Amino acid sequence: QGQLQDSGGGLVQAGGSLRLSCAQPGRIFSSAVMAWFRQVPGKEREFVARLRWSTGRTDYADSVKGRFTISKGNVNTMYLQMNNLEPEDTAVYYCARGTDWSSISSEYRFWGQGTQVTVSS
């Protein structure tokens, strides 16, 4: 299992929606924890959501609860559905893969290259 590829970012007006995708070569093993983080210039990478692949258990940052949904696609794809977007959601979004149920970015070993999400007011 290697590098992740995230995509789906873009420019959207406040209140709009986007769906981000994260794919990897080969299937995602059941032991994996998949996550989304985001980062704005000058700030640390921030946890957004996580998903335990084997059980489907999910968890979200308070700032996105009720608006974002992390989900499985096929055997090697994960999604982040983002609804009711706010200007404060503007960031580069990264998908990540690890094995621990963690919201700390340093505990994830594999990362996508990032996809820019810009929400205009």
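Which backbone nitrogen does the side chain of Thr-115 reach?

Author: The structure is a predicted model, and the description that follows should be read accordingly. The side chain of Thr-115 reaches the backbone nitrogen of Gly-9, at 3.0 Å. Thr-115 itself belongs to strand S11, which covers residues 115–120. Its relative accessibility is 11%; since buried means under 20%, Thr-115 counts as buried.

The surroundings of Thr-115 may be considered next. When neighbours within four places in sequence are set aside, Thr-115 is in contact with Asp-6, Ser-7, Gly-8 and Gly-9, and also with Leu-20, Ala-91, Val-92 and Tyr-93. Several of these partners lead to other elements of the fold. Strand S1 spans 5–7, strand S3 comprises residues 18–23, and strand S9 runs over 91–98.

Two of these strands, S1 and S3, take part in an open sheet of four strands, whose order is S1-S3-S8-S7 and whose pairing is antiparallel. Strand S1 and strand S7 (68–72) are the edge strands; each has a single partner strand, and therefore one side of each has no neighbour in the sheet. From one strand to the next, the twist averages 15 degrees. At the S7 end of the order, S7 pairs with strand S8 (residues 77–82) in the antiparallel sense, over five bridges. Within this pairing, Ile-70 has Leu-80 in S8 as its bridge partner.

Between S8 and strand S9 there is a loop, and Asn-84 lies in it. Although Asn-84 is not a glycine, its phi is positive, at about 50 degrees. Asn-84 counts as partly exposed, with a relative accessibility of 44%, whereas Thr-115 counts as buried.

The structure holds one disulfide, formed by Cys-22 and Cys-95, with the sulfur atoms 2.3 Å apart. This pair links distant parts of the chain: Cys-22 is in strand S3 and Cys-95 in strand S9, and 73 residues separate them. The torsion about the S-S bond of Cys-22 and Cys-95 is about 70 degrees, so the disulfide is right-handed. Both Cys-22 and Cys-95 are buried.

To return to the part requested: Thr-115 is a buried residue of strand S11, and its side chain reaches the backbone nitrogen of Gly-9.

Methods: Residues numbered from 1 in each chain as written. Predicted model: local features only at pLDDT ≥ 70, side-chain atom pairs only at ≥ 80, totals over all residues. Heavy atoms only, no water. Pairing = 2+ DSSP bridges. Helix = DSSP H or I, 4+ residues; strand = E, 2+ residues; numbered from the N terminus. Axes fitted to C-alpha atoms, helices over the stretch in contact; angles between N-to-C directions. Buried < 20%, exposed > 50% of the residue type's maximum accessible area, 1.4 Å probe, protein only. Polar contact = N/O pair within 3.5 Å; in protein donor to acceptor, adjacent residues only side chain to side chain. Contact = heavy atoms within 4.5 Å. Disulfide = S-S within 2.5 Å.
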